[in-house]
Amino acid sequence: MSLNIFRKKTSPKDALRTSKREMAVATRGIEREIASLQLEERKLVAEIKQTAKTGNEAATRILARQLVRLRQQITNLQGSRAQIRGVATHTQALYASTSISTGMKGATKAMVAMNKQMAPAKQAKVIKEFQKQSAQLDMTIEMMSESIDETLDKDEAEEETEELTNQVLDEIGVDIASQLSSAPKGRIAARKTENTVAS
């Protein structure tokens, strides 16, 4: 007794393919046999007619008996062919059921995996963490926006102040630029100021 432990396990698809091939071979064999017997039947019918015309009743009866047996054989073979076709159909249906079952198993496994991933406790934790990070991001964005707004407001206020100052000085006829250019600069300016104060 030889144990084939390394033999690959036959899948349902392979088994179905092998079964279909074997049944197709058997069906073709039966059909060839039926065709051959039907040819014999035609020859026998022609022979019976000829014998009947000669008036040989005994020979006609023997040939008629042979024809009956021949037709019985053809009927039996046709029945076998129908049975093989029925088995092939049944095997195909069985394989379809197996495929459905396999598909359902796969779908069930996928659903189990999804349910594990979608565990309520895990999801609640993820949502909580997301909300926390979202709130932090909102705060950061708000602080940045405020800083930018403050900087822009400050610049605008300085610009407005300078414009207003220039406008007022223009109105009273003071040209600050020319006065600043004529004013002494550095240490000399400081000494002149001291002397003026002393006098």
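Arginine 61 forms a salt bridge with glutamate 57, with 3.3 Å between the closest N and O atoms; a salt bridge here is a side-chain nitrogen of Lys or Arg within 4 Å of a carboxyl oxygen of Asp or Glu. It comes from a predicted model, where local features need pLDDT of at least 70, side-chain atom pairs count only at pLDDT 80 or more, and totals for chains, interfaces and linings use all residues. Residues are numbered from 1 along each chain as its sequence is written, and side-chain values use heavy atoms, with hydrogens and water left out.

**Overall build**

- The protein has five helices and zero strands (helices are DSSP runs of H or I with at least four residues, strands are runs of E with at least two, and both are numbered from the N terminus).
- Read from the N terminus on, the elements run α-α-α-α-α.
- Of the 199 residues in the protein, 10% are buried (buried means under 20% relative accessible area, exposed over 50%, and partly exposed in between, with a 1.4 Å probe and protein chains only).
- The protein exposes about 17,200 Å², and carbon and sulfur atoms supply 58% of that area (areas come from the Shrake-Rupley method with a 1.4 Å probe, and for residues only the protein chains shown count as cover).
- Take the contacts between residues at least 6 apart in sequence: 70% of them join residues at least 24 apart (contact means heavy atoms within 4.5 Å).

**How confident is the model?**

- The average pLDDT of the protein is 76, and 74% of the residues score at least 70 (pLDDT is the predictor's confidence in each residue, from 0 to 100).
- Confidence is highest in helix H1 (residues 12-54), at a mean of 86, and lowest in helix H5 (residues 186-198), at 52.
- Where pLDDT is low, the predicted coordinates should not be read in detail.

**The nonpolar core**

- The largest nonpolar core has 11 residues in all, among them Met23, Ile30, Leu63 and Ile84 (such a core is a set of buried Ala, Val, Leu, Ile, Met, Phe, Trp, Tyr and Cys residues joined through side-chain atoms within 4.5 Å).
- H1 and helix H2 (57-117) are the elements that give two or more residues to this core.
- The largest share, six residues, comes from H1.
- Isoleucine 30 is in contact with Leu77, Ser80, Arg81 and Ile84, leaving aside its neighbours within four places in sequence.
- Threonine 27 sits in helix H1 and counts as buried because its relative accessibility is 11%.
- Not counting residues up to four places away in sequence, threonine 27 touches Arg81, Ile84 and Arg85.

**Salt bridges**

- The structure holds four salt bridges.
- Glutamate 31 and arginine 81 meet through their side chains in one of them, at 3.9 Å from N to O.
- Glutamate 31 in helix H1 and arginine 81 in helix H2 are 50 residues apart, so this pair links distant parts of the chain.
- Arginine 85 also meets glutamate 31 in a salt bridge, at 2.7 Å from N to O.
- Because arginine 85 lies in helix H2 and glutamate 31 in helix H1, the pair ties together parts 54 residues apart in sequence.
- Glutamate 31 is partly exposed at 29% relative accessibility, as are arginine 81 at 21% and arginine 85 at 43%.
- Back at the opening pair, arginine 61 and glutamate 57 are four residues apart in helix H2, so about one helical turn separates them.
- Arginine 61 is exposed at 54%, and glutamate 57 is exposed at 52%.
- Salt bridges that share partners join Glu31, Arg81 and Arg85 into one network.
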